[in-house]
Amino acid sequence: MRLWSLFLLPLLCLPARVRSDDYSDVTVIVRGSETIASTSDEFVCATIDWWPPEKCNYDQCPWGRASVLNLDLTNPLLAKAIQVQLLHLVSTLQGRQQTRKGVWGGPWNSSNAREFIEYTVSKNYPIDSWEFGNELSGSGIGASVSAEQYGKDLVELQTIINELYGDSSKPLVVAPGGFYDQKWFAQLLDVSGPNVLNAMTHHIYNLGAGNDPQVPNRILNPQYLSRTSDTFRSLQLTIQRHGPWSAPWVGESGGAYNSGSRLVSNTFLNSFWYLDQLGQSAKYDTKVYCRQTLIGGNYGLLDTDTFVPNPDYYSALLWHRLMGTRVLSIDISGSSYLRAYVHCAKQKGGVALLLLNLHRTMGFMVSVRNDLNVNLAEGRGIRRDNAFVHGLKRTVSWVGSKASDGFSKREEYHLSAKDGNPFARTMLLNGVPLELTEDGDIPPLYPVEVSVNSPIYVAPLTIAFVVFPDFEAEACGR
């Protein structure tokens with residue numbers, strides 16, 4: 001059984017002297033007139049798995065006592081790191097028979113699931129969602145079930161939930177928790193019918209095996225990272241055409257499979273992959289993105305033995321605090337090694353921009369503009385979310401009238417690796433190491449304030465969150 005925790009988490013530093021000739025010019029145009037997608041308030045999510053201490057991969061056993069079966073839920077560091085709701089996994093092979101190798105058929109025996117759900121209802125446990133199955137879609141991982149039978153069984157699960165919860169608020173039904181197969185997912189929606197499946201969950205492990213030496217190179221390859229956009233886009237279209245009552249979720253994603261990479265998954269470098277995944281998936285209406293794992297394996301947000309946050313924890317925390325649910329479109333010029341995503345800001349109005357510099361040696365000097373009165377003409381090569389349009393003839397001030405007085409500020413959060421080592425386990429925020437306080441609390445995450453009329457300097461292999469509180473974006477003011 002795997003539990004999900006939908007949790008609310010409670011950039012190299014700027015160089016002392018910046019030479020503009022060390023940086024390549026980039027222009028980002030924010031199109032704030034309308035949103036292109038939206039996430040949920042619980043977008044940032046993490047899983048707790050069931051693997052025992054004996055679970056080993058590649059001559060190492062990285063799970064320790066991080067299983068849902070033996071995790072110390074009273075650990076004060078764990079309590080400070082998360083605020084939980086829970087999603088429970090329902091076994092789908094109960095009662096089925098193996099019809100041939102790797103394929104299971106016959107109806108689901110729901111008696112055990114009914115008893116368990118009834119027990120949680122009697123205890124008033126706050127269950128957010130019930131997920132039906134794990135990695136049985138398409139060809140499956142070790143086992144599979146046909147989409148037709150799966151859809152019929154989902155109807156039965158929804159009937160059980162409606163009966164047991166009655167007039168009370170009901171948890172969501174989500175499925176199938178497997179790797180995306182377009183025909184199988186479409187048939188599942190067709191068979192289960194309207195208002196049965198609230199969310200379609202799929203898994204992503206796009207970096208390869210945990211012992212693959214190419215994992216670091218894949219993380220820093222913009223073309224490789226962009227491949228998952230095809231999956232996000234296809235699932236979004238499948239739901240629109242076959243089940244608009246449902247929503248796309250990433251139910252499990254750890255980058256490298258088989259417990260992650262012990263050299264990469266718990267280091268600063270992994271945040272490039274993780275934050276890029278959050279940005280990409282959000283553009284295609286993904287409502288929830290669950291990281292494998294909160295704790296356990298090499299890819300845990302928390303260290304398996306000490307419960308101390310790994311770098312990706314702070315990346316998730318900044319995303320959760322700064323990036324709102326409404327997603328905006330951008331046009332961007334320059335190198336593909338600078339990845340950019342923009343949302344309406346979470347709390348202060350305006351917009352929040354995420355910049356990821358994947359280049360090992362080149363920095364970027366980024367100018368941010370508003371699309372108000374922007375004329376696009378042939379010239380400098382502006383690309384619009386991977387579709388190229390012809391350059392920028394002239395632009396207005398990045399926020400329009402609000403910045404014309406020269407006093408407006410933006411907030412910058414620059415993330416970098418300790419000692420410039422991308423494999424470091426310690427992340428710096430504006431040059432300050434992110435470490436627990438003496439009382440074991442999460443450290444404060446303070447930005448630096450900069451005039452909005454100055455460019456943003458993003459050093460090689462660094463990440464920047466930038467908040468523009470006064471940005472004039474019509475879609476963010478609604």
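Q: At roughly what angle do the axes of helix α7 and helix α8 cross?
A: This is a predicted model in which local features need pLDDT of at least 70 and side-chain atom pairs count only at pLDDT 80 or more, while totals for chains, interfaces and linings use all residues. Residues are numbered from 1 along each chain as its sequence is written, and side-chain values use heavy atoms, leaving out hydrogens and water. Helices (DSSP runs of H or I, at least four residues) and strands (E, at least two) are numbered from the N terminus. The axes (lines fitted to C-alpha atoms over the stretch in contact, with angles from 0 to 180 degrees between N-to-C directions) of α7 (residues 228–242) and α8 (residues 270–283) come within 9 Å and cross at roughly 30°.

Q: Is α7 roughly parallel or roughly antiparallel to α8?
A: Angles under 35 degrees count as roughly parallel, over 145 as roughly antiparallel, 65 to 115 as roughly perpendicular and the rest as oblique. The crossing of α7 and α8 is right-handed, and their angle is roughly 30°. Therefore α7 is, relative to α8, roughly parallel.

Q: Which residues of α8 make the contact with α7?
A: Contact means heavy atoms within 4.5 Å. The contact residues divide into one nonpolar, five polar and no charged. T228, S229 and F232 of α7 meet, on α8, Q277, Q280 and S281.

Q: How far apart are the axes of α3 and α4?
A: Helix α3 spans residues 147–165 and helix α4 residues 182–192. Their angle is about 40°, so the two are oblique to each other. The crossing is right-handed. The distance between the axes is 8 Å.

Q: Which residues of α4 are in the contact with α3?
A: The residues of this contact comprise seven nonpolar, three polar and two charged. From α3 come A147, E148, Y150, G151, K152, L154 and V155. From α4 come W184, Q187, L188, V191 and S192.

Q: Which of the residues lining the largest pocket are the closest to its centre?
A: The largest pocket has a volume of about 590 Å³. Its lining divides into 14 nonpolar, seven polar and five charged residues. Of the 26 lining residues, the closest to the centre are W51, N134, E135, I141 and E252.

Q: Which element supplies the largest share of the lining of the largest cavity?
A: The largest cavity has a volume of about 60 Å³, and its lining includes T39, F43, W319, H320 and K346. Both α9 (311–322) and β16 (323–333) supply at least two residues of that lining. The largest share, three residues, comes from β16.

Key:
On a 1 Å grid over the protein atoms alone, a cavity is a set of points where a 1.4 Å probe fits but cannot get out, and a pocket is an open set with protein on both sides within 12 Å along at least five of seven lines; lining residues have an atom within 4 Å of a point. Grid points are joined across faces, edges and corners, and a volume is the space filled by probe spheres set on the points. A crossing is left-handed if the near helix is turned anticlockwise from the far one by less than a right angle, and right-handed if clockwise. Ala, Val, Leu, Ile, Met, Phe, Trp, Tyr, Cys and Pro count as nonpolar, Asp, Glu, Lys and Arg as charged, and the others, Gly among them, as polar.
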